[in-house]
Amino acid sequence: PDEPDRINPMQSTNSVSTQVEGHIFLPLMEYDPSDLELKPILVEGPPKSSEFGDKGSRFEYRIADKAVWADGTPITAEDYLFTLKAALNPHTNANAWRGFLSQIDSVALDPEDNRKFEVFLDESYLLALPITCNFNIYPKHFYDPKGLLDEISLGDIRRDTTIEQARQFAEDFNDVSYSRDKVLGSGPYKLSSWTAGQSLILEKIDNWWGEDIYTANPDKLVYVIVPDEATAINMIKTGEIDILSAISPNDFAEMRDDTSLQGLSFETPSILQYYYLSLNNDDIILQDVNVRKALAHLLNLDELASVLMADLAKPIAGPIHPSKTYFDPSLKPVDYDIERSKELLQAAGWEDTNGDGTVDKMLDGQRKELDLNILVTQRELGKNLALIFKENAKQAGININVVSQEFGEILRQIGARDFDIAAMATRQSIGIDDMYQGWHTSSIGPDG
């Protein structure tokens, strides 16, 4: 339904980009879909690990001799170090990566073996192994052809924001050309063409080095960009496309039950994703916790799961996925209770003083109606959720305006904190959740 914002894993922000990038870029190790354990990809085997200092850890890796970039250049330890420098460079648009890679203290390259290196963490960390090996590696010779980061240490690039070469590198790396025109990885496919708003084509690399770890069967992968769901459904019915994953649950259920479509297979694997409403706590209205609680009581999650998701989803009480071993089943979602919502608003000083059906309050010397915008994309699920939310909120005296925008623009407004409410979805990691990046107060600032 959307096209990638970039083909650059360090900088892309949407799930469509992630799908495409997974065929082009590879990490040192990746989660095996059969048992969800980390398995070697670019490296010879699991790292040798040991304690470092009082409470740190050390991991020793060696890049496999057969591993090469798509242009045939060998993958070396320098590429690993370069990737870390690029991500930790404060001038690059890599906020998400910096959040977890900042745990890495230093990297030592083996002077006698250019494929061997050690990674050091000074502090104990529950995700020590995955943060050292489960991120996509970039080719230094391709993304830094001028060698701008060569003479800068990992420590200096992390701490010193005045290094001119780091700023110059980021200026080149942040440019859209390194996310569309110039893309090079170590995976089985390469970007062949990208026609904005229409299609994106990947072609299989001849004699790819990693066939024994990743069987790439199709010679070509064509991603067709179709924002309108009805059009996409018609295309899979007529055979114009082979796979359709982004489809509303109700349309999926209707097609699954259609006996004339027996030539199609219908799969419903559990996915690591949850839907939520993002609230801007800096907004003058939403600063009040009672207002936020009042909004939470306006959604009947059981009804939404049934009506909007065709019973293919379940309500959850927080961001921990039910499949995780540390999920707490005793936690229950907020009850749907419009009367309780009204009570909370009244406790916060919101009352309908002018009889127009919307509660109001004096804020900063002016009488303000409780009027909020909710941002949604063109997808039916988000729009329908927003309409139900709007109707429920009206019963509590809250006016909700549904604003439909492109996903990229919604992300921009969230990053700038220029929004009230946004209907969003989050894909989660297979590994253990580190809640710091998404939930710690250090992420409150713009683009956090």
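Visitor: Which elements are included in what covers the buried residues of helix 8?
Guide: A quick note to begin with: this is a predicted model, where local features need pLDDT of at least 70, side-chain atom pairs count only at pLDDT 80 or more, and totals for chains, interfaces and linings use all residues. Residues are numbered from 1 along each chain as its sequence is written, and side-chain values use heavy atoms, with hydrogens and water left out. Helices (H or I, at least four residues) and strands (E, at least two) are DSSP runs, numbered from the N terminus. The cover over the buried residues of helix 8 includes strand 9 (220-224) and helix 9 (249-256).

Visitor: Within what arc do the buried residues of helix 8 fall?
Guide: Helix 8 spans residues 229-237, and Glu229, Ala232, Ile233, Met235 and Ile236 are buried there. Buried means under 20% relative accessible area, exposed over 50%, and partly exposed in between (1.4 Å probe, protein chains only). The arc is taken from the directions from the helix axis to the C-beta atoms. Seen down the axis, the buried residues of helix 8 line one face, because they fall within an arc of 160 degrees.

Visitor: Is Phe117 buried or exposed?
Guide: Phe117 sits in strand 6, residues 116-121. Setting aside neighbours within four places in sequence, its contacts (heavy atoms within 4.5 Å) include Leu28, Phe59, Tyr61 and Val107. With a relative accessible area of 1%, Phe117 is buried.

Visitor: How far apart in space are Phe117 and Val107?
Guide: In sequence, Phe117 and Val107 are 10 residues apart. The two are also in contact. C-alpha to C-alpha, the distance is 7.0 Å.

Visitor: Which residue is the bridge partner of Trp194?
Guide: Strand 7 (residues 189-195) and strand 8 (residues 199-204) pair in the antiparallel sense over 6 bridges; two strands pair if DSSP finds at least two bridges between them. They form a hairpin with 3 residues between them, and Gly197 in the turn has a positive phi of about 75 degrees. In strand 8, the partner of Trp194 is Leu200.

Visitor: Is Asn207 buried or exposed?
Guide: Asn207 is in the loop between strand 8 and strand 9. Its phi is near 50 degrees, a positive value in a residue other than glycine. At a relative accessible area of 79%, Asn207 is exposed.

Visitor: What is the relative accessible area of Asp311?
Guide: Asp311 lies in the loop between helix 11 (301-307) and helix 12 (338-347), and its phi is positive, near 60 degrees. Asp311 counts as exposed, with a relative accessible area of 57%.

Visitor: What separates the C-alpha atoms of Asn250 and Asp371?
Guide: Asn250 is found in helix 9 and is partly exposed, at 35% relative accessibility. Along the chain, Asn250 and Asp371 are 121 residues apart. Their C-alpha atoms are separated by 31 Å.

Visitor: How many of the residues lining the second largest pocket are nonpolar?
Guide: Of the 15 residues that line the second largest pocket, the closest to its centre are Tyr31, Leu36, Ile430, Gly431 and Ile432. Ala, Val, Leu, Ile, Met, Phe, Trp, Tyr, Cys and Pro count as nonpolar, Asp, Glu, Lys and Arg as charged, and the others, Gly among them, as polar. A pocket is, on a 1 Å grid over the protein atoms alone, an open set of points where a 1.4 Å probe fits, with protein on both sides within 12 Å along at least five of seven lines; lining residues have an atom within 4 Å of a point. The lining has 2 polar and 2 charged residues, and the number of nonpolar ones is 11.
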